[in-house]
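Subject: Handover of a structure

Dear colleague,

Please find below the structure that I am handing over to you. My notes on what was found in it come directly after.

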Amino acid sequence: MQFADFVALNIHDLKNRLAMVAARAERHGDGETVRDILAVAGALASLLACYKAEAGQLSAVEEACSPAYLLDELTADSRKLAQPHLRVETADAPASWYYDEELVRMVLANALQNALRYARETVVVSAVQDGEWLEFRVHDDGPGYPDGVRLAPEAAAPVSRDGSGVGLYLARAVAALHRNKGLAGEVRLENDHGALFRLRLPQ
């Protein structure tokens with residue numbers, strides 16, 4: 001067994017152990033510990049997904065999902081606690097769309113965590129239909145993406161801007177798995193009075 005395979009197996013085991021610890025903390029009413037544990041578990045899940053993408057083992061199971069429900073669920077806890085203010089906009093979202101909800105949730109969770117870290121006052125998370133595309137957006141009013149990240153779309157640059165490269169690598173890998181009618185999903189990074197992360201998925 002190669003070392004990378006060994007690490008991947010252990011990440012899976014660590015995720016399961018963290019879930020058990022989180023369940024115990026929840027029974028004791030320790031909500032803060034539960035949130036911290038789930039954040040770590042999410043980071044491990046991202047690392048495992050990146051490993052699978054690198055090994056050609058990551059696949060998307062596309063099912064009819066509600067973008068509005070996904071965003072409401074994703075931001076439920078953060079809206080209670082978040083400073084800065086977090087706003088969700090889904091008025092222009094389609095009722096349903098075909099995508100892998102688990103993978104898309106992982107990508108958006110990474111982008112949201114990044115936005116909350118760098119925003120000055122406000123983060124807006126939205127879903128809109130743009131013709132044959134569904135577009136998820138995470139927009140903060142922070143300093144924006146460095147040019148080295150924003151202007152190098154194929155580079156393994158970090159969504160989190162912390163040098164790890166995991167967030168953006170995973171986002172692009174997940175987007176590329178969503179294909180239909182010759183179109184493939186894509187990630188766009190822009191600066192518009194802050195950082196704007198856009199995940200676009202074809203119909």
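The notes below take up the sheet, the cores, and then some single residues.

This is a predicted model, in which local features need pLDDT of at least 70 and side-chain atom pairs count only at pLDDT 80 or more, while totals for chains, interfaces and linings use all residues. Residues are numbered from 1 along each chain as its sequence is written, and side-chain values use heavy atoms, with hydrogens and water left out.

The sheet

Five strands form an open sheet in the order 2-4-5-9-8, with mixed pairing. Helices (H or I, at least four residues) and strands (E, at least two) are DSSP runs numbered from the N terminus, and two strands pair if DSSP finds at least two bridges between them. The edges are held by strand 2 (85-89) and strand 8 (186-191); each has a single partner strand, so one side of each is left without a neighbour in the sheet. From one strand to the next, the twist averages 15 degrees; axes are lines fitted to C-alpha atoms, for helices over the stretch in contact, and angles run from 0 to 180 degrees between N-to-C directions.

Strand 5 (residues 133-140) runs antiparallel to strand 9 (residues 195-202), and seven bridges join them. Along this pairing, His-139 stands opposite Leu-196, and Glu-135 has Arg-200 as its bridge partner. Strand 4 (residues 122-130) is also antiparallel to strand 5, with eight bridges between them; here Ser-126 stands opposite Arg-137. The hairpin of strands 4 and 5 has two residues between the strands, and in it Gly-131 takes a positive phi near 65 degrees. Six of the eight residues of strand 5 are buried, so this strand is largely enclosed by the rest of the structure. Buried means under 20% relative accessible area, exposed over 50%, and partly exposed in between (1.4 Å probe, protein chains only).

The cores

In soluble globular proteins, nonpolar side chains tend to be buried together. A nonpolar core is a set of buried Ala, Val, Leu, Ile, Met, Phe, Trp, Tyr and Cys residues joined through side-chain atoms within 4.5 Å. The largest one here has 41 residues, and those with the most contacts inside it are Tyr-99, Leu-108, Phe-136, Phe-197 and Leu-199. Helix 4 (residues 101-118) supplies the largest share of this core, eight residues. A second, separate core of seven residues includes Ile-11, Leu-18, Ala-41 and Leu-48.

The structure holds one aromatic pair. The rings of Tyr-99 and Phe-136 have centres 5.8 Å apart and planes at 90 degrees, so the pair is edge-to-face. Rings of Phe, Tyr and Trp (its six-membered ring) pair if their centres lie within 6.5 Å; planes under 30 degrees apart count as stacked, over 60 as edge-to-face and the rest as tilted. Tyr-99 lies in strand 3 (residues 97-99) and Phe-136 in strand 5, so the pair ties together parts that are 37 residues apart in sequence.

Single residues

His-178 is placed in the loop between helix 6 and strand 6 (179-180) and is buried, with a relative accessible area of 2%. Gly-167 lies in helix 6; this glycine is buried as well, with a relative accessible area of 12%.

Zero disulfides are present, a disulfide being a pair of cysteine sulfur atoms within 2.5 Å. Cys-50 is buried at a relative accessible area of 11%, and Cys-65 is buried at 10%.

With kind regards
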